[in-house]
There are 2 protein chains.
Amino acid sequence: MLPGVMQAQHPITFFTKTEALSVKASLSKYPLLKQSYSDLKKDVDSWIGKDVDVPFPKDPAGGYTHDKHKANYTLMFNSGVLYNLTGDIKYAKLVKDMMLKYAALNPTLKNHPEATSSSPGRIFWQALNDANWMVYAGMAYDLVYNTLTAAERKTIEDGAFKPEVDFFTHELKDWFNLIHNHAVWATAGVGMIGIATNNQDYIEMALKGTEKDGKTGFFALMDNLFSPDGYYTEGPYYTRYAILPYAVFANALNNWKPSLKIFQHRDNILQKALLTCLQQTNIDGTFFPFNDALKEKDYTSNELVTAINIFWNAYGADKNLLPVAKKQNRVMLNKGGVSIAAELANNKNISPYFAYKSFESTDGVKGDEGGISVFRIGKGKELTSLLYKYTSHGLSHGHYDKLGMMLYDKGNEILTNYGSVRFIGVEQKYGGRYLPENKSYAGQTIAHNTIVVDETSHFGGKESVAENFHSDKLFSNCSNPAVQVVAAKEDNAYKNTHMQRTLYMLQLEGDKRMIVDLFNIEADAQHQYDLPFQFNGHFINTSFKYKATTNKLEPLGAKNGYQFLWKEAEAKIENTTLQFTFLNDRTYYTISSLIQDSAKVYFTRTGANDPNFNLRHEPAMIIRTNGKDQSFVNVIEIHGKFDPVYEFSTNAYPTVKGIKLLLQNDDYTIAEVMVGENKLIIAQCNKDFNTKQIHSVQNLSWTGAYMVMYNGKIL
Amino acid sequence: MLPGVMQAQHPITFFTKTEALSVKASLSKYPLLKQSYSDLKKDVDSWIGKDVDVPFPKDPAGGYTHDKHKANYTLMFNSGVLYNLTGDIKYAKLVKDMMLKYAALNPTLKNHPEATSSSPGRIFWQALNDANWMVYAGMAYDLVYNTLTAAERKTIEDGAFKPEVDFFTHELKDWFNLIHNHAVWATAGVGMIGIATNNQDYIEMALKGTEKDGKTGFFALMDNLFSPDGYYTEGPYYTRYAILPYAVFANALNNWKPSLKIFQHRDNILQKALLTCLQQTNIDGTFFPFNDALKEKDYTSNELVTAINIFWNAYGADKNLLPVAKKQNRVMLNKGGVSIAAELANNKNISPYFAYKSFESTDGVKGDEGGISVFRIGKGKELTSLLYKYTSHGLSHGHYDKLGMMLYDKGNEILTNYGSVRFIGVEQKYGGRYLPENKSYAGQTIAHNTIVVDETSHFGGKESVAENFHSDKLFSNCSNPAVQVVAAKEDNAYKNTHMQRTLYMLQLEGDKRMIVDLFNIEADAQHQYDLPFQFNGHFINTSFKYKATTNKLEPLGAKNGYQFLWKEAEAKIENTTLQFTFLNDRTYYTISSLIQDSAKVYFTRTGANDPNFNLRHEPAMIIRTNGKDQSFVNVIEIHGKFDPVYEFSTNAYPTVKGIKLLLQNDDYTIAEVMVGENKLIIAQCNKDFNTKQIHSVQNLSWTGAYMVMYNGKIL
């Protein structure tokens, strides 16, 4: 499969000589290309003639040596690109001088003094960052290869690269051979250096693992990290992170050996990964916080600029990507970048938003480990997105959030997860690393919108257990804009406990949007069930009386994330439909919840037991019941308008008047929701999901797994 | 001064026949005019042929009858405008039919059932809203006057208008005759009806008060509500509110009797009020929260659209207003509106931001009751604004915030006041009125950034006392962009206590921005002094150890606003420069504070004793000292950049290394701040503010009230 020794051409990793010439010819043609070029040139030019520091590694992320080495590999790469676009030897010299410093430094390095992970770095605190360095330094070297003497090449290859490659493929062999996003970077790093230095051994280890048996390595990572739809089990925030090394190394491989057809590998899996990742963003471009995710991060990040610019060329122009490219507001200096800049210059009708749509993705390499559903109503700024997660765990960044849901509306988070507890790049906050509260709070079940049994997280909060299981989708349909539905179950999060949740996203007449949430749980013994709603907005009012804790706040619990919740109010509720309205921005949201028998309701806020002020202070409403089998029926209604500038408030009250559970048994759930004077009936099968089966229950009859009737008409 | 009986022309209040014709001729010429016209027409057309409800008054603000009557007067006015622009009698008929309903309703009304204020309304819960109705209903009547029979006119004038005018000028005479923003509305309402109905008596009462002696009424309100600079003592949020009746009634008066030269009255005071109000906004258009203010309210509000469109014609085109007009994105259908729409259509280079500048305004009718200073550095999105308030109290909406300061940066609130506790128009929140916490928390001194003595608000929190006093400016200078300075004192907020605070806004080399804050307090006995910093951002770190209250939160105090503060952490500090860094959006801010002897520091958050969840949960750092005379020396530094997308964090640490007070006595304060390796010296006089006086102290010599030296050079 791998070629014999070839007469190497340089450059070949980032672009070829032909591609570079065509980029050069277009530089002044398109405003965005021109701007991107001049931004890059300005930065590099500020270093020309200076003695760039290559410091001995000392600091964690956010500290000087970390940021300097990070800036250095970018500078070397950019300067290498500039050399090829200008032919000016000063850019090649800058790369060479820096490379020679690394050639002197790297052989002297042992594990980084701030290393805390099981994969310590040498230039950086973690090996992952060393891999970043290798990818870019490899490309930089290739870009100036033709300007170097044989002696210089040997010095750099032996000094700067070999210690790092050896470190990865020997000391860190187990990590290098993982099926994990870190390994994508690691293999791309070794492989990039392999291509840049014409080292077949490196390339082969990169593609097929250190054992060269293909069980690991880059091909295996393309085969095993994504579901067939392109869903990445760690979530879209980490798809973003992984997609850069996939893109740049695939690009280099494709230049090096087009016959590999690397971009077509596994039915264009990289393209699917990109598109699935983009569909998992809010209209402001931020990634949905499935699993660990920083909520500030959006699709203008360097990783997605790189992927879009490379894929634009590899997979052909996709005009749906233009709204994203426009917001990125810069392009790479490659063929894709030129073409995108040309499109942006010539196309005056680019939508302000990515073309969001309802979609579902499976999880698992074979697509049989549950998945996600993302349902949408509306267009542009008026988009509402309902997210439902019934995936496998998500590796080390997974959260204990089986059957969790989230809601976005008008670009705002409405029902949300915490995301990650991390201030990336901020040295004062634990060197920019994940903070302890990331595991102790953000990953715990109570930080999500799903049921917690007995104040214990799913799978006991143990990754080693959680990794063995996934939820399963039972049925779904997002082809009818009036009724989008998905049902899933989870049988392993708690022992001898069956959880089944069906979400209906409804668009009723007059563009009335609501979610109906039927959550059934069955157990073999009595338990306490907590169903939290992490709401984002200001408390407006409740339909019930509660007791606020006004003078002394205490945590709601002692462990599994509960210790971080201040208990601000509580209520005891009996046999009613409780309603809670909150205001987010200019829209009201009401949660209506059927309380059968009795329940407690808590209003909480994060911030307890947080001596370092690492957490944001965010509210939740938690419904608590006790029992064996329980059915939660909730309606989340989007309503009204608050206009503080015009001083108008319309439809500030919910239209939902009451909820009844007409039938609940092993076979069926039938709920009735009074929406003003109109009756909304939701009837569903709990076991038989055959789409052709006819059911007749309680004077209702329908075909298939569910039926939604409004005002006497089936929707 | 008032004319004899004239032959009345109609319309005359909103525009004249000539003006209407010229608007009509331009309607299709400019996109924004066309859009504004069609929006208005679409709304009115939806009511044509319908029986518009004129309900018996019942609900408070946010409720049906309130909102309906509010919508009704707008509808009548808009329909009247449309009649004049189209000549279509259906629009006049809509007004007539509604007017006749009010003519039947109004004579039957007694005080509104939800009336709670000392000035109850009849159609609405408060008379102020009735005045709004009168202004618009008066204009609407005038606009269709020519279509009505004599009998219809009599019915409407006697039924719809006379009861309201009589109510205002008899039962509510004292309120009508106040010097207060409510009275601007009240006099405009009565006066507008006077012009519309050719009633000299009404006009005379409107202009000169019910006693017609000129001590009150519209002229007196122009003379006595603003300082000579156009500063309105209630603050910009209420300037906004008052300026609409000023503008529309002045416009009507000007049409009715141009010889009054009403717009030129008091040296163009209305124009000054508008421009001073706009200078008191953040770059997003929201008003600075001096005194009661809703932070969501911005200059796109109807009041400022109206004022700008009328003043554009009355005072001539002012291109500085175009960025505001552009964001308002609609115009009135009058001469000014046409001209603005034309400018917006033809001018492609409108700045995205209003032309903000450093400025100072006096307070008080004669300009001798203190004032405000607003200092600025930077342009566009990079604007930093420092606000300092040393005014009189601000009538019933005043806060106890003597010598309070605020800081805005890059469009964000950095050091802030709470604003108002109110959800305007939200019926569930106390009918949209000010909530109790508005007085008990938001107005109290501890909710601001100034010293609180013995946990008691300024003037004991008594408006009747506070109204008698004002702070005084001692010296200021904003002509040097490197050093903008203002000093003011307050001797009455606490008995036998002198407070003197000088703020320096510095722009050092490399566009380094910082505030140096010298706050001296002298008393005749031992006291506890609290200096709060209401910071807006995420806690990053402190230079000192503190004890966090992790398991049980209690309020910091029991009264005067302290009961609403949860005490999240405390520290005891001795003889040092304490530093606290927080992150807002993408920028770091550090407060460095000299602690002489010892102090306590508290981190607090609002939300205690708030059973109805009326408050936002906002943090503060409070420095507490005990003593007789105390000097607080603080430096607020704007630094660095946090970029979560690129994962870079630069200059996350403050450059201030330490603060020393080199000299503090009755005559001088000299402070030294180490900024990295550079020495910043601030020397100021505490008593002698003569700009020509030469001072020589401690090897320093300078001329005038202050001197700032950086790195050996006087700035």
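This is a predicted model: local features need pLDDT of at least 70, side-chain atom pairs count only at pLDDT 80 or more; totals for chains, interfaces and linings use all residues.
Colleague: At what angle do H11(B) and H12(B) pack?

Modeller: Helix H11 (residues 236–256) and helix H12 (residues 265–279) of chain B pack at about 150°, and their axes are 10 Å apart. The two helices are therefore roughly antiparallel to each other.

Colleague: Is the crossing of H11(B) and H12(B) left-handed or right-handed?

Modeller: H11(B) passes H12(B) in a left-handed crossing.

Colleague: And which residues make that contact?

Modeller: H11(B) contributes residues including Ile243(B), Tyr246(B) and Ala247(B), while those from H12(B) include Leu270(B) and Leu274(B). By class, this contact has nine nonpolar residues, one polar and one charged.

Colleague: Changing topic, how many residues does each chain give to the contact between chain A and chain B?

Modeller: Chain B gives 40 residues and chain A gives 40 residues. On the side of chain B that touches chain A, the largest share, three residues, comes from S12(B). The residues of that side divide into 18 nonpolar, twelve polar and ten charged.

Colleague: What is the strand order in the open sheet of five strands in chain B?

Modeller: The order is S20-S21-S22-S25-S26, with antiparallel pairing. S20(B) and S26(B) stand at the edges with a single partner strand each, so one side of each has no neighbour in the sheet.

Colleague: How many bridges join S25(B) to S26(B)?

Modeller: Two bridges join these antiparallel strands. Ile714(B), in S26(B), is the bridge partner of Met709(B).

Terms used:
Residues are numbered from 1 along each chain as its sequence is written. Chains are lettered from A and ligands numbered from 1 in the order in which they are written. Axes are lines fitted to C-alpha atoms, for helices over the stretch in contact, and angles run from 0 to 180 degrees between N-to-C directions. Helices (H or I, at least four residues) and strands (E, at least two) are DSSP runs, numbered from the N terminus. Angles under 35 degrees count as roughly parallel, over 145 as roughly antiparallel, 65 to 115 as roughly perpendicular and the rest as oblique. A crossing is left-handed if the near helix is turned anticlockwise from the far one by less than a right angle, and right-handed if clockwise. Two residues are in contact if their C-beta atoms, placed from the backbone, lie within 7 Å. Ala, Val, Leu, Ile, Met, Phe, Trp, Tyr, Cys and Pro count as nonpolar, Asp, Glu, Lys and Arg as charged, and the others, Gly among them, as polar. Two strands pair if DSSP finds at least two bridges between them.
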